[in-house]
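Hi,

Here is the structure I said I would pass on to you. Have a look at it first, and then read on for my notes.

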Amino acid sequence: VCGCDGGTYDNACTAIWGETSVSYEGCCCIGDCNADGEISIDEVVSAVNIALGESPLGLCPSLDFSHDNRVTVDEILHAVHNVTRAECLTPSYGPCN
């Protein structure tokens with residue numbers, strides 16, 4: 001499930017244990033910082049700022065799909081791709097696959 005904090009959780013219980021509520025079923029879209037199911041240009045700008053170390057990862061945890069505590073170019077590219085699609089692209093690696 002996608003938590004309101006932008007993090008992907010195994011289920012609603014783990015989201016609640018992580019002190020957040022469920023925003024929607026399924027993985028969070030990479031780059032969906034506010035967990036509303038859509039990616040905006042502002043969220044992509046946040047992704048770049050996080051990757052450059054100018055903003056904390058906690059600003060948008062859905063960017064770190066690989067869970068390595070950093071934002072990589074491929075994660076930013078997934079976020080950019082998600083801006084242009086009506087449906088969120090989920091990579092073939094990570095907790096939802």
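Predicted model: local features only at pLDDT ≥ 70, side-chain atom pairs only at ≥ 80, totals over all residues.

**The chain as a whole**

The chain has three helices and two strands. If you trace it from the N terminus, the elements come in the order β-α-β-α-α. There are 97 residues, and 39% of them are buried. The chain exposes about 5,400 Å², and carbon and sulfur atoms supply 55% of that area. As for contacts with a separation of 6 or more, 46% are made by residues 24 or more positions apart in the chain.

**The disulfide**

In case the term is new to you: a disulfide is a covalent bond between the sulfur atoms of two cysteines. How many does a search of the whole structure find? It finds one. The partners are Cys33 and Cys60, with 2.1 Å from S to S. The link between Cys33 and Cys60 is left-handed, with -95° about the S-S bond.

Now find the two ends in the chain. Cys33 sits in the loop between β2 (22-24) and α2 (41-51), while Cys60 belongs to the loop between α2 and α3 (73-83), so the bond ties together parts that are 27 residues apart in sequence.

Are these cysteines buried or exposed? The cut-off you need here is that buried means under 20% relative accessible area, and exposed means over 50%. Cys33 comes out at 15%, so it counts as buried. Cys60 has a relative accessible area of 0%, so it is buried too. Cys13, on the other hand, has 62% and is therefore exposed.

**A closer look at α2**

Which residues of α2 are buried? They are Glu43, Val44, Ser46, Ala47 and Ile50. Looking down the axis of α2, you would see these buried residues fall within an arc of 155°, which means they line one face of the helix. Part of what covers them is α3. Just after α2 comes Gly53, which takes a positive phi of about 80°.

Then look for the bond between Cys33 and Cys60.

Cheers

Definitions and conventions
Residues numbered from 1 in each chain as written. Heavy atoms only, no water. Disulfide = S-S within 2.5 Å. Helix = DSSP H or I, 4+ residues; strand = E, 2+ residues; numbered from the N terminus. Buried < 20%, exposed > 50% of the residue type's maximum accessible area, 1.4 Å probe, protein only. Contact = heavy atoms within 4.5 Å. Areas by Shrake-Rupley, 256 points an atom, 1.4 Å probe, with all protein chains shown as cover. Arc of directions from axis to C-beta.
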